[in-house]
Amino acid sequence: YQRRVHGGEHTVMTSFLRTIEATPQSPEREVLTKLCALYAVGCLEANMVWYFQQECMSPQRSVAVQNLSRRLCAELAPHSLSIAEAFGVKPLLFAPIAGNWAKFNETDNRGEQVPIRAGF
């Protein structure tokens with residue numbers, strides 16, 4: 001099981017790194033690099049119990065991994081709509097709050113119980 005899981009993760013990471021290497025220095029490359037790091041950290045988080053059982057990771061290191069994950073998410077947040085579009089996610093699939101959360105929350109919107117409309 002672990003070999004199959006880690007083999008898949010290795011394949012994804014290898015492909016990710018090749019894509020980054022083939023991308024010229026640009027803001028897009030910086031976003032790709034952070035996405036790759038977030039993927040790697042996510043793999044560590046998803047397998048944390050196994051790393052503890054194998055005594056490969058200390059509790060202190062696990063906290064550092066979780067903090068890095070949070071930091072990467074915060075740094076990628078401003079790019080989230082562009083990332084979703086790059087993966088082909090259609091705007092109609094976004095919740096209304098995804099367009100402009102500050103404007104969305106100016107009025108009582110009863111959560112997100114309003115019709116989804118194109119263009120927000």
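**Figure 1. Val41, a residue of helix 2.** In this predicted model, Val41 is found in helix 2. With a relative accessibility of 6%, Val41 counts as buried, because buried means under 20%. Leaving out residues up to four places away in sequence, the residues that Val41 touches are Val65, Leu68, Ser69 and Leu72. Take Leu72 as one of these partners: Val41 and Leu72 are 31 residues apart in sequence, while their C-alpha atoms lie 9.3 Å apart in space.

**Figure 2. Ser69, looking from helix 4.** Here we move to Ser69, which belongs to helix 4. Is Ser69 buried or exposed? Its relative accessible area is 10%, so Ser69 is buried. Once residues up to four places away in sequence are set aside, Ser69 touches Leu38, Val41 and Glu45. Leu38 sits 31 residues from Ser69 in sequence, and from C-alpha to C-alpha the two are 6.2 Å apart in space.

**Figure 3. The packing of helix 2 against helix 4.** For helix 2 (residues 27–46) and helix 4 (residues 59–76), the angle is about 150° and the axes are 9 Å apart. The crossing of helix 2 and helix 4 is left-handed. Which residues meet here? Helix 2 brings Val31, Lys34, Leu35, Ala37, Leu38, Val41, Leu44 and Glu45. From helix 4 come Val65, Gln66, Leu68, Ser69, Leu72, Cys73, Glu75 and Leu76. The residues of this contact of helix 2 with helix 4 comprise 11 nonpolar, two polar and three charged.

**Figure 4. Glu9 and its contacts.** Now for a glutamate in helix 1 (residues 2–22), namely Glu9. Glu9 has a relative accessible area of 14% and is therefore buried, since the cut-off is under 20%. What does the side chain of Glu9 make a polar contact with? The partner is the side chain of Asn47, at 3.1 Å. Apart from neighbours within four places in sequence, Glu9 is in contact with Tyr39, Cys43 and Asn47.

**Figure 5. Glu55, in the loop between helix 3 and helix 4.** Most residues other than glycine have a negative phi. Glu55 has a positive phi, near 55°, and is a residue other than glycine. Glu55 is exposed, because its relative accessible area is 72% and exposed means over 50%.

Figure 6. How many helices and strands does the protein have? There are six helices and zero strands, and from the N terminus on the elements run α-α-α-α-α-α. Of the 120 residues in the protein, 21% are buried, and Val41, Ser69 and Glu9 are among the buried residues shown here. Looking at contacts between residues at least 6 apart in sequence, 46% join residues at least 24 apart. The protein exposes about 8,800 Å², and carbon and sulfur atoms supply 58% of that area.

Key: Residues numbered from 1 in each chain as written. Predicted model: local features only at pLDDT ≥ 70, side-chain atom pairs only at ≥ 80, totals over all residues. Heavy atoms only, no water. Helix = DSSP H or I, 4+ residues; strand = E, 2+ residues; numbered from the N terminus. Buried < 20%, exposed > 50% of the residue type's maximum accessible area, 1.4 Å probe, protein only. Contact = heavy atoms within 4.5 Å. Areas by Shrake-Rupley, 256 points an atom, 1.4 Å probe, with all protein chains shown as cover. Axes fitted to C-alpha atoms, helices over the stretch in contact; angles between N-to-C directions. Left-handed = near helix turned anticlockwise from the far one by under 90°. Nonpolar A, V, L, I, M, F, W, Y, C, P; charged D, E, K, R; others polar. Polar contact = N/O pair within 3.5 Å; in protein donor to acceptor, adjacent residues only side chain to side chain.
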